[in-house]
Amino acid sequence: MPTGTGTDTGTGTETGEGTAVTLENVRKIYQLGEPVHALDGVSLSIPRGSYTAIMGPSGSGKSTLMNLVGCLDTPTEGTVIVDGKDVTALSERERTRLRGTQVGFVFQTFNLMPRLTALENVALPQTFQGVGRDERRERARDLLARVGLADREDHLPSELSGGQRQRVALARALVNDPALVLADEPSGNLDTDTEADVLDLFAEFHDAGTTMVVVTHERHVAERAERIVHLLDGRIERIEELEGVGVEAGSGTASGSGPTTDPERSRESRDGRENREDSADRS
Amino acid sequence: MNPLEYLRIAWRSIEGHKLRSGLTTLGVVIGIAAVIAFVTLGASLQAGIIGDISPDDQRNLYGWAADPDTEGGPLAGAQPIFSESDLETVEDLEDVDAAYGYATIQSQAVSNGEERVAQGDGVIAAGPSYVRNSSLEEGRQFEMGEREAVINPAAADQFEDNVSLGDELELAFLGGQTATVEVVGITDTSEGLSPFEGFESSPRIYVPTDPYYAEQAAGFGFGDEGDSEGDGDGNGDGETRFLAIVVEAESAAQEDVDAARDAATAYLESDDSDASEFLDDDLAITFQTSTELLQQLQDVLDLLQNFIVGIAAISLIVGSIGIANIMLVSVTERTREIGIMKAVGAQNRDVLGLFLTEAIVLGVIGAILGTALGLVAGYVGAWYIDLPLVYPYEYVALAVAVGILVGVASGLYPAWRAARTDPIDALRHE
């Protein structure tokens with residue numbers, strides 16, 4: 001997998017293993033009385049290890065695009081390839097399986113299971129993949145530690161702050177080591193300080209090799225990415241490449257050469273930083 | 001996904017709604033409890049009745065003549081047709097061990113010389129072996145032709161000075177006659193000795209048909225208390241007829257009982273017998289064992305029990321509708337959770353399994369609580385009516401099976417609805 005194509009060019013190869021998601025001339029038409037072209041011929045390639053923001057006014061097709069990339073929906077026309085698999089050709093079960101293993105979701109409203117603890121929430125996707133309980137819990141504990149919530153694993157979502165909930169959601173999104181993490185307005189319900197913390201965490205995981213796709217309508221959130229895809233009326237208006245972005249460009253370059261989300265590696269490289277996250281969280 | 005995980009997550013949501021889950025299962029609890037309680041009581045009642053038949057009684061055939069169309073228990077519609085000579089002939093039959101008449105004598109009072117106690121019935125005339133040796137607490141059986149009696153503890157206790165063996169009692173009959181008897185035996189139980197008497201406890205005095213029934217049958221107002229050498233001929237014309245007879249087979253084995261029944265019936269229906277002169281289409285002889293007689297009672301009990309269980313089953317159906325209703329509410333309420341689960345990779349069957357498990361858990365909890373409650377109710381009921389307690393264990397297993405069934409039946413549709421929820425809509429759901 002680490003073929004060295006995790007570049008910042010944004011035009012990665014269309015079929016190669018270096019591409020997490022490829023959309024080819026995708027159309028999505030809803031029949032609401034009269035046909036509504038939510039997406040009207042979108043072609044986009046998201047390389048592995050990249051950090052992409054999708055912006056656009058409401059009604060521009062952001063949500064539809066997100067649903068397609070997240071394997072929640074299938075296009076009316078065109079192809080969507082996630083992790084090398086053509087989503088349109090998959091059965092519903094296979095699509096669910098692909099979504100469960102290769103896509104991690106982070107939602108604006110966190111969407112944690114209210115009666116499961118933080119640890120159980122993080123472990124939930126693996127539950128559906130038939131991973132054993134002990135292995136699951138170990139993995140979830142590891143990820144909770146990485147997002148700085150090692151001491152909150154038995155708390156219910158209602159006992160956590162918004163920022164903490166979003167960290168749990170991020171840990172859950174990463175638990176199956178997915179091809180990409182899809183975040184829908186991840187900081188929409190957070191105050192400015194907490195937003196910065198969560199976005200720092202995004203950058204951190206991106207630096208460790210995770211492919212990030214963030215859907216947002218806020219410029220400063222989008223600016224944390226490597227490039228911004230602007231949508232308008234179901235089409236890509238323009239793609240804006242951002243230079244020298246993200247925190248600590250140096251480490252970003254370093255991990256960009258090996259675009260994997262190996263938890264062991266990335267944890268070792270970040271021990272010092274976790275403590276800082278911890279203290280920031282409590283404030 | 002492994003079923004244990006379904007159980008774990010389903011349990012969380014049941015725990016999360018304790019009151020609602022409790023109220024939901026209540027319907028099932030009540031339904032199952034009612035079924036179990038009534039079945040326990042029914043089984044106990046049955047055991048109580050069967051237990052009253054002593055093994056020695058099993059070889060006795062109770063016979064009477066009545067219209068074959070008559071419905072009812074022993075002696076219903078019985079007519080007095082059996083003569084003394086019929087009984088003697090039947091007793092001599094090869095397959096018959098003993099045969100004697102059975103009659104209750106209308107009495108007024110009993111006195112032990114000092115104290116007089118009113119007694120309207122409970123003076124029973126029969127053959128000596130009617131009071132089986134095994135049911136004698138002390139003393140012996142009375143002898144035919146002697147002025148002797150066996151009494152039961154209830155009869156003995158009704159006097160201030162308890163009656164004991166050798167005491168003499170004076171019986172005052174309805175017609176005004178009196179007779180003196182010597183107590184030669186006391187039974188060990190105050191319950192009836194045969195289905196003719198009924199099985200309830202009451203004071204009873206057992207006397208030989210000869211001389212007492214013969215005297216009684218001779219007619220009221222005869223008042224011949226001095227007839228101490230009564231010989232069973234009553235007023236001398238041999239016309240003493242018995243309403244009922246008891247025929248003892250050689251043993252309690254079914255073939256011996258059947259042989260005795262066939263032999264006795266054959267003779268009594270033949271022209272040789274005195275009884276046959278009365279027999280026609282409207283009067284036929286019936287011989288039944290205690291077990292067979294009780295079978296009728298049991299059939300009625302079974303019918304009644306099925307009826308009540310049927311009503312209880314209706315409350316089970318109501319209970320399952322309750323579960324279905326709550327599950328539907330729960331599916332709607334948790335639409336968002338379903339969306340989350342599907343987004344993170346839950347297959348349709350996982351969602352189906354989760355909700356079905358939840359319904360089944362509710363059903364099984366209801367069944368277990370209902371079974372416990374039903375057994376307690378059955379225990380209290382059996383204790384209250386003084387019955388031997390018999391737990392119908394097969395019904396306990398059945399109750400749990402019904403609980404699972406109720407869960408599946410009521411959970412299937414809601415779970416199916418949950419499973420086909422569209423994750424995109426579900427995630428947007430508020």
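Helices here are DSSP runs of H or I at least four residues long, numbered from the N terminus. This is a predicted model, so local features need pLDDT of at least 70, side-chain atom pairs count only at pLDDT 80 or more, and totals for chains, interfaces and linings use all residues. Residues are numbered from 1 along each chain as its sequence is written, and chains are lettered from A in the order in which they are written.

**The largest pocket**
- A pocket is an open set of 1 Å grid points where a 1.4 Å probe fits, with protein on both sides within 12 Å along at least five of seven lines; lining residues have an atom within 4 Å of a point.
- The largest one holds about 750 Å³ of space, counted as the space filled by probe spheres set on the points.
- It has 30 lining residues, and A:Ser63, A:Asn67, A:Asp184, B:Ile424 and B:Arg428 sit closest to its centre.
- Helix α1(A) gives the most to this lining, with 5 residues.
- By type, the lining splits into 9 nonpolar, 11 polar and 10 charged residues, with Asp, Glu, Lys and Arg counted as charged, Ala, Val, Leu, Ile, Met, Phe, Trp, Tyr, Cys and Pro as nonpolar, and the others as polar.

**Annotated spans in chain B**
- An unreviewed UniProt entry marks residues 21–45, 307–331, 351–384 and 396–416 of chain B as "transmembrane region"; such annotations may be inferred rather than shown by experiment.
- Residues 307–331 of chain B are 100% helix, with end C-alpha atoms 36 Å apart.
- Residues 351–384 of chain B are also 100% helix, and their end C-alpha atoms are 49 Å apart.

Terms used:
Side-chain values use heavy atoms; hydrogens and water are left out. Helices (H or I, at least four residues) and strands (E, at least two) are DSSP runs, numbered from the N terminus.
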